[in-house]
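Here's a quick briefing to read with the model open beside you. Take it topic by topic and look up each residue as you go.

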Amino acid sequence: MMGSLLLLCLLVISGVGVGGGVRLAGNGGYEDWRLGTATYIKESQGHPLNDGGGACGYGDLDIFRYGRYTAGLSGALFGRGSACGGCYELRCVNNVLYCLRGSPTVVVTATDFCAPNFGLADDYGGWCNFPKEHLEMTEAAFLRVAKAKADIVQVQFRRVSCDRAGGIRFTITGGPNFLQVLITNVAADGEVDAVKVKGSRTGWIPMGRNWGQNWQCDADLRGQPLSFEVTGGKGRTITMYNVAPSDWMFAQTFAGKQFVE
């Protein structure tokens, strides 16, 4: 019994999650903890974190399997949309009044951008002003680490691997002369750094980030099965052939393969 308690204490001190952890793709372990701040959006407020939408373009977060544990990132973290889909583990620190006992952690997915407010001080309303590293969380996620009466709290946070069920999902939109694809449900580092698409009558066509995780190319690929090549934020690439059949239609969603740790 004493041996088990000693082992438990060593695990907590060393920062290893007792319930098991998720690992960051590309480096075989966790990133270092960094110091930032966090606030939350009440569930009663009209906001993309509650209502869907947001700067990553995901729309309904339940449909795209991101659920209630999500966050908007300040510009220093958002990277013009490159951080969309990434997962962050965080814990409240340095406040015995507002942080929950034991410093529990929660993992959130980046689904939105927290806009700056340069008319307010960085520590009073301007939390997302550059170069502040700030996470604007859903109420459900925030209450896993801090009390509801808290306004803003300091947090330690780090990038971790994303645990996703099923394959990478491609929602196809666009028009006669261009193709746009919303990419969701990406495991491992969660981010998408580059995308290529291929029809049955074309070679590989690079796509550009339109906004968030919406990727676009100027090509008419109707009537052709679609294959995709996706490169994650840590440089790993996965190729998926014939993800969509030749009779695909706009607004349909198809699933491909998945990054595996």
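The largest nonpolar core holds 29 residues, and L73, Y88, L90, V108, L135 and M137 have the most contacts inside it. A nonpolar core here is a set of buried Ala, Val, Leu, Ile, Met, Phe, Trp, Tyr and Cys residues joined through side-chain atoms within 4.5 Å. Buried means under 20% relative accessible area, exposed means over 50%, and partly exposed is in between (1.4 Å probe, protein chains only). Keep in mind that this is a predicted model: local features need pLDDT of at least 70, side-chain atom pairs count only at pLDDT 80 or more, and totals for chains, interfaces and linings use all residues. Residues are numbered from 1 along each chain as its sequence is written, and side-chain values use heavy atoms, with hydrogens and water left out.

- Look at M137: leaving aside neighbours within four places in sequence, its contacts include A38, Y40, L49, L90, V108 and F142. Contact means heavy atoms within 4.5 Å.

**Strand β3**

- All 7 of the 7 residues of β3 (residues 87–93) are buried, so this strand is largely enclosed by the rest of the structure.
- In a regular strand, side chains alternate between the two faces of the sheet.
- Both faces of β3 are covered, with C87, E89, R91 and V93 buried on one side and Y88, L90 and C92 buried on the other.
- β3 pairs with β4 (residues 106–113) in the antiparallel sense over 4 bridges, and Y88 has V108 as its bridge partner there. Two strands count as paired if DSSP finds at least two bridges between them.
- β3 also pairs with β6 (residues 153–160), again antiparallel, over 7 bridges. In that pairing, C92 stands opposite V155.

**The open sheet**

- Eight strands make an open sheet, in the order β13-β12-β9-β10-β11-β8-β7-β14, with antiparallel pairing.
- β13 and β14 stand at the edges with a single partner strand each, so one side of each is left without a neighbour in the sheet.
- On average, neighbouring strands of this sheet are turned by 30 degrees against each other, direction ignored. Such angles come from axes that are lines fitted to C-alpha atoms, for helices over the stretch in contact, and run from 0 to 180 degrees between N-to-C directions.
- Inside this sheet, β9 and β12 (residues 226–232) pair over 6 bridges, and K198 stands opposite S227 in β12.

**Disulfides**

- How many disulfides does the structure hold? There are 4, where a disulfide is a pair of cysteine sulfur atoms within 2.5 Å.
- Counting bonded cysteines along the chain, the pattern is 1-2, 3-8, 4-5, 6-7.
- C87 and C162 are linked with their sulfur atoms 2.1 Å apart, and both are buried. The torsion about their S-S bond is about 125 degrees, so this disulfide is right-handed.
- C87 lies in strand β3 and C162 in the loop between β6 and β7 (169–175), so the pair ties together parts that are 75 residues apart in sequence.
- C92 is joined to C99 (S to S 2.0 Å), and this link is left-handed, with -65 degrees about the S-S bond.
- C114 and C128 have sulfur atoms 1.9 Å apart, and their link is right-handed, with 90 degrees about the S-S bond.

**Loops worth a look**

- S74 sits in the loop between β2 (70–73) and α3 (75–78) and is buried at 0% relative accessibility. Its contacts include F113, C114, C128 and H134, not counting residues up to four places away in sequence.
- Most residues other than glycine have a negative phi, and most peptide bonds are trans.
- The peptide bond from F130 to P131 is cis, with omega near 5 degrees.
- N185 isn't a glycine, yet it has a positive phi of about 60 degrees; A251, also not a glycine, has a phi near 80 degrees.
- Which of these two is buried and which is exposed? N185 is buried, with a relative accessible area of 1%, while A251 is exposed at 59%.

Methods. Helix = DSSP H or I, 4+ residues; strand = E, 2+ residues; numbered from the N terminus.
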